[in-house]
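Hello,

Here is the structure I promised to pass on. Please have a look at it first, and my notes follow below.

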Amino acid sequence: MRDVLMAEATGTRLAGDPAAHALLREAHDRGYRYPEDFGGFEADLTFAGPSEQTSGSVRISSARSVELTIVASDAARSWLRRELGSMIGHRWHLPYEEADGANTLELGPDDDDDPTGVFIDVKQDKYDSSYRVLDGEISQVNRAMGKIRFSIQIQDRAETPDGHTLPAHFTVFYWDNESGRLNRSDVYRDVYQMVDGVALPVSRQIITADDDGIATRRMDLSNHKLLESSENTDPAGGQLEYRAH
């Protein structure tokens with residue numbers, strides 16, 4: 001029978017190991033998230049990638065509402081929409097009980113002395129998810145989706161004025177689930193800035209290494225303007241299913 005922890009603040013039943021929930025809650029609370037009434041923003045946008053450079057603008061009113069005004073290839077537009085949605089979606093307000101607090105968690109073995117931190121397994125999860133937590137922060141995220149397994153290794157974080165943190169440098173490794181072969185590595189560098197008290201993305205650069213060689217893609221945002229919460233047509237934020245980092 002699984003252990004059950006009663007969350008003191010909300011009365012929500014958290015399933016699994018209480019120690020695992022305590023570690024992951026601390027990491028969740030340490031990470032920066034937007035205020036509950038955050039309505040999104042508009043900004044000018046530039047993109048630079050293999051054989052393509054262009055500029056335009058973007059309007060984001062939720063994690064799933066990324067409106068691009070830009071002349072670009074389908075590949076560039078898909079990349080921009082995906083990466084902007086990821087940067088914003090992982091910052092959208094979400095209580096712990098609705099994030100990993102909704103999962104059954106289990107701590108790794110006592111003799112696990114991996115330098116990247118304490119292992120936390122998410123049980124009965126369709127993505128076979130797990131985390132490592134080090135010094136109150138998530139240091140590693142592992143998931144499997146179809147034939148692909150990936151691991152996010154967070155190397156450095158930026159701190160906001162209120163003491164929360166944002167991932168600044170991290171690497172994602174992708175393996176073939178059947179052969180175990182490493183297919184691709186993506187090296188990320190993110191920059192944020194405070195705009196009217198809200199940390200908004202300024203740039204994301206991804207260096208990809210795979211069988212085709214090395215490719216770099218970068219987007220930069222400027223002239224940010226916050227949207228009123230009433231302008232947000234998706235108040236729930238179109239929450240992403242997972243809050244990886």
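To start with a question: does Asp121 count as buried or partly exposed, and at what relative accessibility? Asp121 counts as buried because its relative accessibility is 17%, where buried means under 20% relative accessible area, exposed over 50% and partly exposed in between (1.4 Å probe, protein chains only).

A word on the ground rules. This is a predicted model, in which local features need pLDDT of at least 70 and side-chain atom pairs count only at pLDDT 80 or more, while totals for chains, interfaces and linings use all residues. Residues are numbered from 1 along each chain as its sequence is written, and side-chain values use heavy atoms, with hydrogens and water left out.

Salt bridges

A search of the whole structure gives 15 salt bridges, each being a side-chain nitrogen of Lys or Arg within 4 Å of a carboxyl oxygen of Asp or Glu. Asp121 is the partner of Lys123, with 3.2 Å between the closest N and O atoms; Lys123 counts as partly exposed at 30% relative accessibility. Arg204 and Glu83 come to 2.7 Å, again for the closest N and O atoms. Arg204 belongs to strand E13 (residues 198-210) and Glu83 to helix H2, so this pair ties together parts that are 121 residues apart in sequence. Both Arg204 and Glu83 are buried. Helices (H or I, at least four residues) and strands (E, at least two) are DSSP runs, numbered from the N terminus. You will also find a network of salt bridges that links Arg30, Glu137, Arg157 and Glu159.

Strands E8, E9 and E10

Strand E9 (residues 137-145) has eight of its nine residues buried. E9 pairs in the antiparallel sense with strand E8 (residues 130-134) over five bridges, and with strand E10 (residues 148-159), also antiparallel, over six bridges; strands pair if DSSP finds at least two bridges between them. Glu137 in E9 stands opposite Leu134, and Gln140 stands opposite Gln153 in E10. The hairpin of E8 and E9 has two residues between the strands, and Asp135 in its turn has a positive phi of about 55°. In the hairpin of E9 and E10, which has two residues between the strands, Gly146 takes a positive phi near 65°.

One more spot

Leu94 sits in the loop between helix H2 (74-89) and strand E6 (104-107) and counts as buried, at 8% relative accessibility. Its C-alpha atom is 7.8 Å from that of Arg33, 61 residues apart along the chain.

Best wishes
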